[in-house]
Amino acid sequence: MHKSQVIISIYLSGLLVACSSNHTPAPVTTLYSGKTTSTHKININGSRYKVKKGDTLFAIAFSANKDVRTLAKINKIKPPYTIYPNQIIRLEYPKNKNKKNTKYTKVNHKSQSLKQKSNKSPKKELDKPNQREYVQRQATQKSSSTKALYNNKVLWKWPAEGKVTRHFSVKENGYKGLEISNKPGTSVKAAAGGVVVYAGSALRGYGNLIILKHTDDYLSAYAHNAKLLVREQQKVKVGEKIAEMGSTDASKTALRFEIRFKGQAVNPAKYLP
């Protein structure tokens, strides 16, 4: 063998050994937040759903027409609502849950009543109504201020320029949004400030979809986009461009725009200026 060939052979052998000795397996991530690389479709059928890679609890709740907080409570999932592949998400409370709670409440009330009778005290009896009144007043004030905050916080604007070619329907299987038609590539903008809680194509019939969370009660959805320009957990401002209009999973180029209040679709025309 020629001297130069020997040197090259030794060099290549050493390089292979170095690569094999320094190689570390790629980390296996078990937490997924719903990437646009997902190819499966969320299919809600029955009272349970098995999580797949790319799913988010917001997307599952959206598909099931549920408030994400309801699903989180049923499945004991705390914010930021992290879910895992193969995890079973219950869509309804167990049938015997309400019965158990009712039974417990009755027993608890009975024990409370017996305790009050056995520990009667003029001072305590006078204090209790005042305490109850204070708590109720505080709860009412908090509820009113929260409602006012939500009403004032979400300032809606039109998500795209174009012609409204389909309107919201109150029928059970009717169109649950507004269809805004225009040419491909038309800017799709955030109708209100919020956080991206889903960006992907796993929801059947929606194509490339973006879901924004505006408050605990309000979400907005932007479907059939040709291109998504934001990622999940990204904060966006009202009027910020988030996508380009397209026709994914649709027969024509148009934006399907929805507003969800506590998981239920509402007529966007009543919110838009």
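## Overall make-up

Of the 273 residues in the protein chain, 34% are buried, as computed from what is a predicted model. The secondary structure of this chain comes to five helices and twelve strands, and among its contacts with a separation of 6 or more, 59% are between residues 24 or more positions apart. The accessible surface of the protein chain is about 18000 Å², and carbon and sulfur atoms hold 54% of that surface.

## The nonpolar cores

The largest nonpolar core has 28 residues, and those with the most contacts inside it are L57, I60, I89, L203, L209 and I211. Two or more residues of this core come from each of the helices α2 (57-63) and α3 (68-74) and the strands β6 (194-200), β7 (208-213) and β8 (218-228), with α2 giving the largest share, six residues.

Leaving aside residues up to four places away in sequence, I60 touches I42, I44, Y49, V51, D55, L71, I83, I89 and L91. Another core lies apart from the largest one and has 26 residues, including A192, A199, F257 and V266.

## Confidence in the model

The mean pLDDT of the protein chain is 77, while 65% of its residues reach 70 or more. Over residues 10-37 the pLDDT stays under 50, and for this stretch the model has 25 contacts beyond four places in sequence. Residues 121-152 also have a pLDDT below 50, and their stretch has four contacts in the model beyond near neighbours in sequence. Where pLDDT is low, the predicted coordinates should not be read in detail.

Note on methods
Residues numbered from 1 in each chain as written. Predicted model: local features only at pLDDT ≥ 70, side-chain atom pairs only at ≥ 80, totals over all residues. Heavy atoms only, no water. Helix = DSSP H or I, 4+ residues; strand = E, 2+ residues; numbered from the N terminus. Buried < 20%, exposed > 50% of the residue type's maximum accessible area, 1.4 Å probe, protein only. Contact = heavy atoms within 4.5 Å. Areas by Shrake-Rupley, 256 points an atom, 1.4 Å probe, with all protein chains shown as cover. Core = buried A, V, L, I, M, F, W, Y, C linked by side-chain atoms within 4.5 Å. pLDDT = per-residue confidence, 0-100.
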